[in-house]
Amino acid sequence: MSTEAPTKIAVTGAAGQICYSLLFRIASGALLGDRPIELRLLEITPALKALEGVVMELDDCAFGNVVNIEIGDDPTKVFDGVNMAMLVGAMPRKAGMERGDLLSANGAIFTAQGRALNEVAADDVKVLVTGNPANTNALIAMRNAPDIPAERFNALTRLDHNRALSQLAAKLGVPVTELSNMTIWGNHSATQYPDLFNAKVGGRSAAEAVGDQDWLENTFIPTVAKRGAAIIEARGLSSAASAANATVEHMRDWALGTPAGDWVSMAVPSDGSYGVPEGLISSFPCTVTDGRYEIVQGLDINEFSRAKIDASVAELVDERNAVTELGLI
Ligand code: NAD
Ligand code: LMR
């Protein structure tokens, strides 16, 4: 066993569906490899008993790098000294709902958790929001944590990124490993824009390789953007294992870095890049070095892409206005 101090990782919604996959991936080393970790698991009081059962199962895996597991229903205790916080706990949408319909139901969770992180998290805390509507929940947490640098609040669009890679690979009949430079722009919602003009297959523009604007507009984009709804329709429950996988991948890359020559999609506070209003948490192509991400600059945005990015950003502005009216920020 290493003598390195354990990384303290908070996970919320720990007795829920996503966490039933996520916690075991984190504990097995998929997040930080062979390094000691301490898990801090937050749930609401009625779910603590179920969470005890999940912890029994974690114990029964005898994972070598898990040095301690604590559970609780008080964010100021659970988040004390945490270096990473994965905010998953929130109500999932049901068939027929859009993710924005969850704003008032879930928004309040993130005011309380933002304040608690502000009070007790470690100075280097990185916060990733998976619970929907993820971008605006991350904005709420960020605005309620004024002492934590804003850039430490991210939201998850890696699942959309992975969905886009998988759909493109199937269309081109190539393995996903031949694809690179995929970008999801905007909101984790039906307005998101998966960009094939800047994506590459074997070094060439993916849009060019596909050579079919009709497929790109009328099949690819809606399939990726509405995949969450398709899964709810098929499973009767929202995506869980794939969401857990994407959550691990986002946090892993944020901590350990992105591969040379490629980038990933991360919803991060805008610095005004690509005309996205400063402070909105919007998805961009990002690279990470030494635990710090940068938005990739200088990409060509054609007229089609511009209109799609603007539409998704307009939705983020509407969501920000709605949570301002609700008094959450
Ligand atoms: P779930 O209902 O199975 O689990 C959610 C858990 O959160 C429950 O156990 C609940 O008790 C807990 N919870 C509720 N309020 C809490 C609070 N204040 N503090 C701590 N825990 C709390 O849902 P799930 O399937 O695990 O999904 C969780 C969220 O993730 C949903 O909002 C869902 O829409 C979202 N999601 C996001 C993505 C993405 O790509 N961003 C993908 C899939 C799901
Ligand atoms: C997803 O994209 O699968 C999740 O955000 C769940 C949902 O509501 O679509």
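## Two domains

A word before we start: this is a predicted model. Its chain is divided into two parts, with domain 1 covering residues 7-155 and domain 2 covering residues 158-319. The centres of domain 1 and domain 2, taken over C-alpha atoms, are 23 Å apart. In the contact between them, domain 1 takes part with 34 residues and domain 2 with 27 residues.

Let's look at the side of domain 1 that touches domain 2. At least two residues each come from α1 (17-28), β4, β5 (126-129), α5 (134-143) and β6 (153-155). Sorted by class, this side of domain 1 has 21 nonpolar residues, along with seven polar and six charged ones.

## The shell around ligand 2

You can find the surrounding residues one by one: Pro92, Arg93, Arg99, Asn132, Leu159, Gly228, Ala229, Ile231, Ser238, Ser239 and Ala243. Helix α9 (residues 227-235) gives the most to this shell, namely three residues. By class, the shell around ligand 2 holds five nonpolar, four polar and two charged residues.

## Annotated positions

The UniProt record, an unreviewed entry, places the feature "binding site" at Arg93, Arg99, Asn132 and Arg163.

## A visit to Arg99

Arg99 sits in the loop between β4 (84-87) and α4 (103-120). Is Arg99 buried or exposed? Arg99 counts as buried because it has 23 C-beta neighbours inside 10 Å, and a residue needs 20 or more to be called buried.

Setting aside residues up to four places away in sequence, Arg99 touches Arg93, Asn132, Pro133, His188 and Ser189.

## A visit to Arg163

Arg163 belongs to helix α6, which runs over residues 158-172. Arg163 is buried too, because 24 other C-beta atoms lie within 10 Å. Which residues is Arg163 in contact with, leaving aside its neighbours within four places in sequence? They are Val224 and Arg227.

How values were computed:
Residues are numbered from 1 along each chain as its sequence is written. Chains are lettered from A and ligands numbered from 1 in the order in which they are written. This is a predicted model: local features need pLDDT of at least 70, side-chain atom pairs count only at pLDDT 80 or more; totals for chains, interfaces and linings use all residues. UniProt positions are given in the numbering used here, feature names are shortened, and annotations may be inferred rather than shown by experiment. Helices (H or I, at least four residues) and strands (E, at least two) are DSSP runs, numbered from the N terminus. A residue is buried if 20 or more other C-beta atoms lie within 10 Å of its own, exposed if 12 or fewer, and partly exposed in between; C-beta atoms are placed from the backbone. Two residues are in contact if their C-beta atoms, placed from the backbone, lie within 7 Å. Domain bounds come from an automatic or database domain assignment. Ala, Val, Leu, Ile, Met, Phe, Trp, Tyr, Cys and Pro count as nonpolar, Asp, Glu, Lys and Arg as charged, and the others, Gly among them, as polar. A residue is near a molecule or strand if its C-beta atom, placed from the backbone, lies within 6 Å of it.
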